[in-house]
Structures are given as C-alpha cells and as structure tokens.
Amino acid sequence: MLPCRPHRFTTAGETCHGLGNFATFWPQSDDTVISKDDARLPLQRELFDLPDDVAFLNCAYMSPQLRAVTRAGIEAVKQKARPWGVSGPEWLGGVEPLREAAARLMGADSDGIALIPAASYGIAIAAANVPLRKGQNVVVLHEQFPSNVYAWRELAKARGAGVRIARKGPNDAWTEAVLDSIDEDTGIVAVPPCHWTDGAVVDLVRIGERVRAAGASLVVDASQALGVWPIDVAVIKPDFLISAGYKWLLGPYSLGYLYANPKWCESGRPLEASWMTRAGAENFAALVDYVDDYRPGARRFDMGEFSQFVLAPMALAGLTQILEWKVQRLQSTLRRLTDLVAEEARALGYAVLESDRRVGHMLGLRFPDGMPEALPRRLEQSRVFVSVRGDAIRVSPHVYNNEDDVARFLSVLRDALV
Ligand SMILES: Cc1ncc(COP(=O)(O)O)c(C=O)c1O
C-alpha cells in the first residue's frame, strides 16, 4: 500500500487508504508539520487527565486538558506572582513562540498571526475590514455556527446588502452549494472548512479560487478543523482565517488565533486602539510619544492585553504537542475511529455521511425516525459524552479515545433502540 500523500504527489491509481477524497484537501506546503507521515498514533490517553469511567467523544465541544497544558498553567500562575522579572520586550515578545506555533499549523508566517479572545472577535475584525457594498451578498452555510453569522447579518443590514444562505440536500456537497451561491454580486464568502454539526467538508481551495475570480473576499472560521485537518493559507489564500483555541488546538478557553492576509497587514483596521499594538510599544519609557504606526504584520489586530501571561504558555503547550503528533497522523488516527462509528451506526439505521464527504475527526448521526427517547439519559448514565442536538448526534474523538470508547458509545446506541 502506498503512503497517503498530498494531492500534488498523488498520481492516478494510487490509493489513499481509508481516506477517500481526503487527499484532495491536503495542502501543498512542505512544512514539516503538514507531513506526509500518516502513520496512526497509539492511544495517548495518559497525557490527559481523564477518569477511566469517562468515554469523552466530544472534542468539538471543548477538549479535555493535556497534563502538559495544566502544568504550564500552574507554572505561569506562579510566575505571574513575580512581575519584577518581566521587561518591556518580554511583555510584548513573550507570545512570539505561540504566534510561531499557530503559524506553522496553517502554513503561515508568524507575522500573519494575531491573538484574539474568541472566534467572534476575529470575525468582527474581518467584518470591519473586508468591503461590502449596497446590493451585494455575503455567502454563508445553512445552519453555520453563529459566531460566523451574526456579524455578517449586522454588516449586511448596515450596508444595504444581503446574507445568502447556501443550502444542500442530505447527500450533496457543501462545496457545490457554495460555488452555486457565488455570483457577480457576491462581496464576501464566510465559511468553515467543515460543517460544525457533522463534519461535512467544504473545499476551501476550490471556493477560494472562485471567490478571487469574483473579486470577493474569503473569511474562514476554522475552529472545528485547525489542529486536526490540513489548513494551508498559502493555498486557500483567505483574507482572514480564524480559530478558537479551546477545541482541536487543545488550549485554554479565551485565546484564539487570526490569520490576516498580507494585504490587510499594511492598512487593516483593528477593533481596538490598544497601546500594545503600536510601533515601539516595548519601549515603556516612550509610551506617551504617541505614534500612528502599528507593530509589524497582523500584530496590529492583536487584542488588548494580548500577552496573556497565564493562557499563552498553556496554549503553546497544546500547540507544541499537536506539532509533535503531526496533523496528518492525527487525522488518520481519528478517521479510523469515526469510520468504525459510521459503519455500525449505518447498520443500526442511522444516516451518516460517507467518509469521503466528511472530515475524519467528526461525524454526525441523524435519526430518520427521530431521536430514540432513551438515548440522552442512557448516554449520561453510561458516562459517554457526545453532543446531542435536535435530531442529530455529533461524535468527535481525539487521541485519548480508542476502540473501547467507540464500543461503549455503540453499545448505548444499540440499547437505546430496544
Ligand atoms: C464553528 C465554530 N466556530 C466558533 C466556535 C466558538 O466561537 P466563539 O469563540 O466565538 O465562542 C464554535 C464553538 O462551538 C464553533 O463550533
């Protein structure tokens, strides 16, 4: 069997084992992080603080904490008690390794990364910058996560523009639905790499090409993909790409990332007028020599108090572990688990997307005859954690899960039917 490789290396006839069209979405960067090594990872449960009786299959909700992240946080809290050790350059520069790690995960340069408190903050930065004229439309997915919807509704209202919702049938692909929604009046396309409810893939490379041909802007909320699914901004070429940090990036709550295309790094407007984003801010002796210039790159978009003396070392510990595991190996490992769930769930009569239509780290089960009444209670009693939303269940494992957790979930699923 040939190893699974990025699509530019894959010739006709090669098989990407178990990944279906997955290779199509693999980025073209040769960064060591986006490696061609798709070996599966052994169980990593001991690196997390998970009780034996818990089967946590809900990373898309909030990741459990790596012990290394907890340790980094405790150490950082202790350090924070001793502020006399923090110089001006350290105050601002301490987060540079974090910027660098986030950049590596998405094929960017650390100059392209800003630190943000939430995905909604990043989307607000995008909405404050990308152009939208009267009569134009903003394309989003049907039932897209609200952090990437409300800002566009408000902007469209303020500008006399509209929000256009791309819709699809249960077996259709989002990519075509989005491409079909883009026309000469499209100003902005604001979409994720996969749908947050069931992991259905959105091909950002193809959409990016169409967006550029239409002269529109592309804004991506990668909160349910970055860290576990290939994202390469050099290929996607978004105007802005945003991710919350507390899910697949295994970081603390309230620290996320924004990538800004270089075209926005010269003239883009930040949300705040923080002293910390201004040129020369590390020279504390000259802070009242007010300046109009910003620090280089996307740093102009950094949130106020971006130093995050406690959260930043925790976030870095999470990203460091992900970089060590490698995104492709995570994806291969998790796809095997979700494929196991899909196979059995289908046999039980649940509707599940085909593997080549969804990311490997998440899947949604739909109940054609409605949710079995006993299911939420049975899941709770069995200490099996997934997301239950309306008539669907989202299962999202990580490397602290193995076949045993999957078997526990499937057994509850089976029992709830009788
Ligand atoms: C797709 C997506 N984006 C963003 C978020 C989090 O948004 P915020 O950081 O604005 O709270 C979530 C949370 O579930 C999500 O699923």
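Predicted model: local features only at pLDDT ≥ 70, side-chain atom pairs only at ≥ 80, totals over all residues.
View 1. Let's start with an open sheet built from seven strands, which follow one another in the order 2-8-7-6-5-3-4 with mixed pairing. Which strands stand at the edges? They are strand 2 (113-116) and strand 4 (162-166); each has a single partner strand, so one side of each is left without a neighbour in the sheet. From one strand to the next, the twist averages 20°.

**View 2. Strands 6 and 7, with helix 4 packed on the sheet.** Here we zoom in on strand 6 (residues 217-221) and strand 7 (residues 240-243), a parallel pair joined over three bridges. To find your place in this pair, look for V220, whose bridge partner in strand 7 is L241. Helix 4 (residues 119-129) packs on the sheet, where it touches strand 2, strand 6, strand 7 and strand 8 (256-260). The direction of helix 4 makes about 170° with that of strand 7.

**View 3. The residues around the ligand.** Which residues surround the ligand? A118, A119 and S120 are among them, as are F145 and S147. The surroundings also include P192, W196, D221, S223, Q224 and A244. Sorted by class, this shell has six nonpolar residues, four polar ones and one charged residue.

**View 4. Helix 1 against helix 10.** Two packed helices are described by the angle between their axes and the distance between the axes. In this view, the axes of helix 1 (residues 67-80) and helix 10 (residues 311-325) come within 8 Å and cross at roughly 155°. An angle over 145 degrees counts as roughly antiparallel, and that is why helix 1 is roughly antiparallel to helix 10. The crossing of the two helices is right-handed. On the helix 1 side, look for A68, V69, A72, G73, E75 and A76; they meet P313, M314, A317, G318 and Q321 of helix 10. This contact of helix 1 with helix 10 has seven nonpolar, three polar and one charged residues.

**View 5. Helix 6 beside helix 7.** Helix 6 (residues 174-181) packs with helix 7 (residues 204-213) at an angle of about 5°, and their axes are 10 Å apart. Helix 6 and helix 7 are therefore roughly parallel to each other. Which residues make the contact? Helix 6 brings T175, V178 and L179, while helix 7 brings R206, I207 and R210. By class, the contact of helix 6 with helix 7 divides into three nonpolar, one polar and two charged residues.

View 6. Our last stop is an open sheet of three strands in the order 9-12-11, with antiparallel pairing. Strand 9 (363-366) and strand 11 (387-389) are the edge strands, and each pairs on one side only. Neighbouring strands are turned by 25° against each other on average, direction ignored. Strand 9 and strand 12 (residues 392-395) are linked over four bridges; L365 stands opposite I393 of strand 12, and R366 has A392 as its bridge partner. Strand 11 joins strand 12 through three bridges, and the bridge partner of S387 in strand 12 is R394. Strand 11 and strand 12 form a hairpin with two residues between them, and G390 in the turn has a positive phi of about 55°. Helix 11 (residues 327-347) lies across strand 9 and strand 12, running at about 10° to strand 9.

Methods: Residues numbered from 1 in each chain as written. Axes fitted to C-alpha atoms, helices over the stretch in contact; angles between N-to-C directions. Parallel < 35°, antiparallel > 145°, perpendicular 65-115°, else oblique. Left-handed = near helix turned anticlockwise from the far one by under 90°. Contact = placed C-beta atoms within 7 Å. Nonpolar A, V, L, I, M, F, W, Y, C, P; charged D, E, K, R; others polar. Near = placed C-beta within 6 Å. Pairing = 2+ DSSP bridges.
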